[in-house]
Amino acid sequence: MTIDAGSHVAEPEPSLEIRDLSVRYGGAVHALRGVSLRVPARGVVAVLGSNGAGKTTLLRAVSGTLPMHRGRVDGGEVTFGGRSLLRRDPADVVAAGVVQVPEGRRVFGRLTVDENLRAGAIGARDRRARAAARDRMYETFPRLAQLRGQRARLLSGGEQQMLAIARALMAGPTLLLLDEPSLGLAPRIVEQVAEVVGQVSAQGTAVMLVEQNAAMALAVSEHAYVLDLGRVAVEGPSAELSTSDEMRKLYLGETSGIDSSAAAPKLARWSG
Ligand SMILES: Nc1ncnc2c1ncn2[C@@H]1O[C@H](COP(=O)(O)OP(=O)(O)OP(=O)(O)O)[C@@H](O)[C@H]1O
Ligand SMILES: [Mg+2]
């Protein structure tokens with residue numbers, strides 16, 4: 001028998017599938033209860049919810065970092081490209097192409113912008129590949145190029161968030177996990193974060209975007225899930241959710257003071 005390598009069908013691009021996921025912390029706190037969710041290849045999916053809803057827990061379950069927080073999966077499945085991500089080392093998950101930007105834009109404050117990016121270049125094959133990856137980041141984030149020699153702790157909140165995202169992108173992920181990237185940033189900077197999410201997805205990387213800023217997240221995503229007390233309370237196409245009366249009342253809050261006719265995404269703060 002011969003195998004014709006030229007005629008094989010290309011492998012389908014990996015999607016993230018979460019099925020009936022249950023997570024507990026320390027045995028007592030039942031943080032997720034039967035959550036199912038899908039992030040298609042190259043797609044942007046928003047996960048919304050108020051404080052304590054379980055958003056970060058969901059990202060930890062995907063990135064393999066639950067054990068660091070004394071959490072554990074006690075039911076369900078998480079697969080990426082058909083392979084289970086559960087009970088795998090965080091480094092293995094990164095090697096599988098899934099990279100998380102944790103809550104609170106953690107950067108190495110004493111390192112320069114350039115050194116932070118170098119630190120993110122895990123998995124790049126050699127010096128040249130790493131340098132090329134860095135050049136691409138400086139193209140995507142021109143502000144970081146201007147600041148490349150600056151210590152990260154001296155950057156503004158928005159600049160640190162961009163650096164945290166750029167550092168994660170240095171690993172060349174197929175799926176980027178973002179935990180509340182807009183938290184504490186001025187509306188103008190939130191718009192920049194939204195733009196970056198759009199660019200990342202246009203370049204072929206899927207994004208799972210955890211946010212409390214529902215208006216921004218719905219504007220940049222195709223599909224959205226609302227978590228409430230560890231369960232999926234609402235789910236649907238983002239365009240539908242952003243016009244749904246229930247969503248507006250419960251989660252989108254007031255838009256007073258913001259010109260809702262502007263082309264930019266509305267920046268009403270999550271009120272729930
Ligand atoms: N390490 C931990 N140990 C015990 N309980 C935890 C731990 N981390 C989170 N929890 C609990 O799990 C639940 C979900 O928390 P999680 O951090 O996932 O929420 P969240 O949606 O990310 O909230 P926020 O918007 O405030 O970041 C909360 O009740 C929280 O108190
Ligand atoms: Mg959180």
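In what order do the 6 strands of the open sheet lie? In this predicted model, for which local features need pLDDT of at least 70, side-chain atom pairs count only at pLDDT 80 or more and totals for chains, interfaces and linings use all residues, side-chain values use heavy atoms, with hydrogens and water left out. Residues are numbered from 1 along each chain as its sequence is written, while chains are lettered from A and ligands numbered from 1 in the order in which they are written.

The order of the open sheet is β6-β7-β8-β3-β9-β10, and its pairing is mixed. Strands (E, at least two residues) and helices (H or I, at least four) are DSSP runs numbered from the N terminus, and two strands pair if DSSP finds at least two bridges between them. The edges are formed by β6 and β10 (231-237), each with a single partner strand, so one side of each has no neighbour in the sheet. On average, neighbouring strands are turned by 15° against each other, direction ignored; axes are lines fitted to C-alpha atoms, for helices over the stretch in contact, and angles run from 0 to 180 degrees between N-to-C directions.

Strands pair in a sheet through backbone hydrogen bonds, either parallel or antiparallel. Strands β3 (residues 44-48) and β9 (residues 223-228) run parallel and are joined by 4 bridges. Ala 46 has Ala 224 of β9 as its bridge partner. Helix α6 (residues 157-169) packs on the sheet and touches β6 and β7, its direction making about 165° with that of β6. Helix α1 lies across β3, β6, β7 (175-179), β8 (206-211) and β9, and runs at about 150° to β7; contact means heavy atoms within 4.5 Å.

The magnesium ion (ligand 2) has Thr 56 (OG1) and Glu 103 (OE) as its protein donors, at 2.0 to 2.7 Å. Thr 56 belongs to helix α1 (residues 55-63) and Glu 103 to the loop between β6 (98-101) and α3 (113-119), so the pair ties together parts 47 residues apart in sequence. Donors are N, O and S atoms within 2.8 Å of the metal (3.2 Å for Na, K and Ca); water is not among the atoms, so sites may look incomplete. Thr 56 is buried, at 15% relative accessibility, whereas Glu 103 is partly exposed, at 31%. Buried means under 20% relative accessible area, exposed over 50% and partly exposed in between (1.4 Å probe, protein chains only).

Arg 188, in helix α7 (residues 187-202), is exposed, with a relative accessible area of 58%.
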